[in-house]
Amino acid sequence: MESAIPEHLKTTRSRHRRIPDDYVPPYPSFVARHKPKVARVVMAYFGLQYQGEAPPAAASALGDIAARFADAQGPAHWDRAQYFDQAGYSNVVSVAYWDDAAKFDTWFDAAREAWTGRANGIGRYIEVLRPAVARYETLFSSPDRAEGVAVMAEGMSGEVQEHAYWGGMRDRIPLSQTDEMAPGGKPALERDGSRLRIVPHDNLCLIRSGQDWSDTDAAERKLYLEEVEPVLREGMDFLRDDGVRIGCYTNRYMRVLGADGSPTEKSYGQSWWHSLAALERWAESHPTHVRIFGAAMKYLSTLGPAAKLRLYHEVTVAAAAEQFFEYRDCHARTGMLAAVAVD
Ligand code: HEM
């Protein structure tokens with residue numbers, strides 16, 4: 001059993017974990033391990049938004065960004081997913097990850113100009129976090145298939161201790177050893193012609209929480225799709241439609257797309273939060289998540305490594321200077337625009 005916090009990020013604690021030192025979790029889980037020289041990662045979400053059938057401008061923008069991702073300074077990993085938002089628009093989001101911020105900086109300006117620099121009849125947005133490694137954590141129910149930011153890690157840990165209790169997420173973030181990570185300030189709107197930027201606030205929180213049922217056998221698939229997924233969807237709809245009042249600025253329940261653009265058997269919830277504390281409160285108190293958490297705990301504890309449903313997440317608490325949000329021709333409740341009044 002190892003700590004989720006890697007040796008080189010351990011510091012003298014001024015804040016304590018929720019668990020005693022001899023705590024043993026009821027089922028195994030794993031975290032991504034980067035090479036110690038990785039100081040910062042970049043997570044960049046490029047979104048497209050349109051109503052009805054995809055217009056030609058969408059295909060052209062998606063082709064263009066994919067070509068840019070293939071550039072030498074491009075990301076170490078990227079994937080693409082789709083969802084329908086509360087206003088009925090289709091959103092296609094390509095998420096790209098770098099473990100070298102200097103590469104991203106060289107790459108980004110031209111890509112940004114191509115994405116939001118001119119009108120093409122559809123909505124576009126860019127949402128970027130570039131957290132120091134002490135500001136984020138991951139968790140995987142099985143160690144043999146990395147997703148998201150973990151794909152570019154050196155590998156997976158052995159079984160970690162800090163999980164399967166409320167507060168485990170916080171305890172896995174290295175900065176929690178010394179910092180409460182409380183939010184500071186309010187998001188503000190900045191206009192730059194047709195581009196709208198959100199000037200964010202300190203300790204804004206991002207979660208990407210994924211589900212992969214592609215390897216499940218008939219019985220496990222039925223259990224997931226008929227018992228778990230409808231409850232998850234209810235929780236995701238709640239956050240999408242009513243999240244703002246509990247500190248969730250925006251929530252997207254995404255379906256991952258394959259290389260040919262068709263849906264795969266993978267999904268993820270992605271949401272922006274006012275604070276880590278607000279996300280913790282939702283996870284431990286909303287009836288939907290409490291139900292699926294309880295069901296998954298039972299199920300993972302019973303099946304152990306035989307479970308074929310894979311769950312993972314990545315959670316970041318970003319400093320204000322580590323955030324960038326830009327929107328063009330999107331509706332007023334898109335992403336972080338929902339956090340401010342846009343007329
Ligand atoms: C089928 C879908 C899901 C299942 C079965 C599930 C189940 C679980 C389980 C078992 C844990 C504890 C993990 C551990 O520490 O070992 C957990 C933690 C958590 N989940 Fe989910 N979850 C699902 C989806 C989501 C989604 C979509 C979100 C939010 C977008 C979310 C938010 C959280 C948070 C914030 C925690 C950490 C709580 C803490 O450590 O304090 N979950 N979930």
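Colleague: What should I know about the numbering and the model before I start?

Modeller: Residues are numbered from 1 along each chain as its sequence is written. The model is predicted, and local features need pLDDT of at least 70, side-chain atom pairs count only at pLDDT 80 or more, while totals for chains, interfaces and linings use all residues.

Colleague: How many Å should helix α2 span?

Modeller: Helices are DSSP runs of H or I with at least four residues, and strands are runs of E with at least two, numbered from the N terminus. The expected span of a helix is 1.5 Å times one less than its number of residues. Helix α2 (residues 101-116) has 16 residues and should therefore span 22 Å, which agrees with the 21 Å between its end C-alpha atoms.

Colleague: Which residues of α2 are buried?

Modeller: A residue is buried if 20 or more other C-beta atoms, placed from the backbone, lie within 10 Å of its own, exposed if 12 or fewer, and partly exposed in between. In α2 the buried residues are Phe 104, Trp 107, Phe 108, Ala 111, Trp 115 and Thr 116.

Colleague: Why does Ser 141 count as buried?

Modeller: Ser 141, found in the loop between β6 (136-140) and β7 (155-156), counts as buried because it has 21 C-beta neighbours inside 10 Å. Ser 141 also lies 8.6 Å from Leu 309, C-alpha to C-alpha, although the two are 168 residues apart in sequence.

Colleague: Which element supplies the largest share of the shell around the ligand?

Modeller: The largest share, five residues, comes from α6.
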